[in-house]
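This briefing is meant for a reader who is meeting the structure for the first time.

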Amino acid sequence: MITRISLLFSSKNVEFVRRAKEDNIKQLRIGITGSPGTGKKTVANALCHLTGLKVISLNKFALETKSGRRIDREFVVDIQSLRRRKIATKGKIVVGHLLPLVIPKSSLDFVAILRCSPDVLRKRYLVRGYNKEKIRENIEAELLDIVSFSALTKYGRKKVSEFDTTHSRTPDLVARQILQTIEGKRPKQYGIAKWSEKASKSDRSLLRIMRS
Ligand SMILES: Nc1ncnc2c1ncn2[C@@H]1O[C@H](COP(=O)(O)OP(=O)(O)OP(=O)(O)O)[C@@H](O)[C@H]1O
Ligand SMILES: [Mg+2]
């Protein structure tokens, strides 16, 4: 008996378990979604660094495959045509706010929904040079949990967790939290973004307008 226990923890076994774990990670199919500017691309790159998984951006893929058309200065994605392309997800991190509309539940093992407070999002949009209308639309979407609701409905609670990128949390830390959640070392979280409760004066008036 004692010999068996010592065998179980021999360095060979530890190496075997480590390799098996690495192999499992390399097969993963992860989705990252959230409102624009919540940090999807940045966190995906950090997660790629951590795991070696490849990143696919749905926006970039749509542009490269011409799945959509230009209207004024914007490219409007054709969701149906993107869906028909049946994007391969094995060993990939698929990123985009359109994720729940494009990638089926059976194609992903885990979906991270990134959340960010409207105050911080507004600053990120200003840096990007978004106009007032675009800022309002995107803040509205975050306040109303639009992407989060759509991801939870599509993928279900077993495969989904939310992550906050608002405060001093670095993208690398968020990527680690995602990995820990996938490994079952961290509980899944939902409803973390109670923005309407904490909303600033201007966001509260925006919410009033939307609800009237
Ligand atoms: N903890 C964090 N995690 C991720 N991004 C962060 C974090 N803190 C600050 N940021 C910043 O947020 C900004 C937006 O990030 P990013 O471009 O990755 O967003 P996105 O969700 O991919 O946006 P879009 O949907 O418009 O492509 C970046 O400037 C990034 O550095
Ligand atoms: Mg992006």
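Predicted model: local features only at pLDDT ≥ 70, side-chain atom pairs only at ≥ 80, totals over all residues.

**Helix α9**

- The buried residues of this helix, which spans residues 146–155, are Val-147, Ser-148, Ala-151, Leu-152 and Tyr-155.
- After α9 comes Gly-156, a residue with a positive phi, near 80 degrees.

**Helix α7**

- In helix α7, which runs over residues 118–128, the buried residues are Pro-118, Leu-121, Arg-122 and Tyr-125.
- Their directions span an arc of only 105 degrees around the axis, and therefore they sit on the same side of α7.
- Leu-126 and Val-127 are exposed, and they are carried by the face of α7 that is turned away from its buried side.
- Gly-129 follows α7, and its phi is positive, near 80 degrees.

**The pair α3 and α10**

- Two packed helices are described by the angle between their axes and the distance between the axes.
- For helix α3 (residues 40–51) and helix α10 (residues 171–182), the packing angle is about 65 degrees and the axes are 8 Å apart, while the crossing of α3 and α10 is right-handed.
- On the α3 side the contact is made by Thr-42, Val-43, Ala-46, Leu-47, Leu-50 and Thr-51, which meet Pro-171, Asp-172, Val-174, Ala-175, Arg-176, Ile-178 and Leu-179 of α10.
- Sorted by class, the residues in this contact of α3 with α10 are 9 nonpolar, 2 polar and 2 charged.

**The shell around ligand 1**

- Ligand 1 is surrounded by 16 residues, of which the closest are Pro-36, Gly-39, Lys-40, Lys-41 and Thr-42.
- The elements that contribute two or more residues to this shell are α3 and α10, and the largest share, 4 residues, comes from α3.
- By class, the shell around ligand 1 is made up of 4 nonpolar, 8 polar and 4 charged residues.

Conventions:
Residues numbered from 1 in each chain as written. Chains lettered and ligands numbered in written order. Axes fitted to C-alpha atoms, helices over the stretch in contact; angles between N-to-C directions. Left-handed = near helix turned anticlockwise from the far one by under 90°. Contact = placed C-beta atoms within 7 Å. Nonpolar A, V, L, I, M, F, W, Y, C, P; charged D, E, K, R; others polar. Buried ≥ 20, exposed ≤ 12 C-beta atoms within 10 Å, placed from the backbone. Near = placed C-beta within 6 Å. Arc of directions from axis to C-beta.
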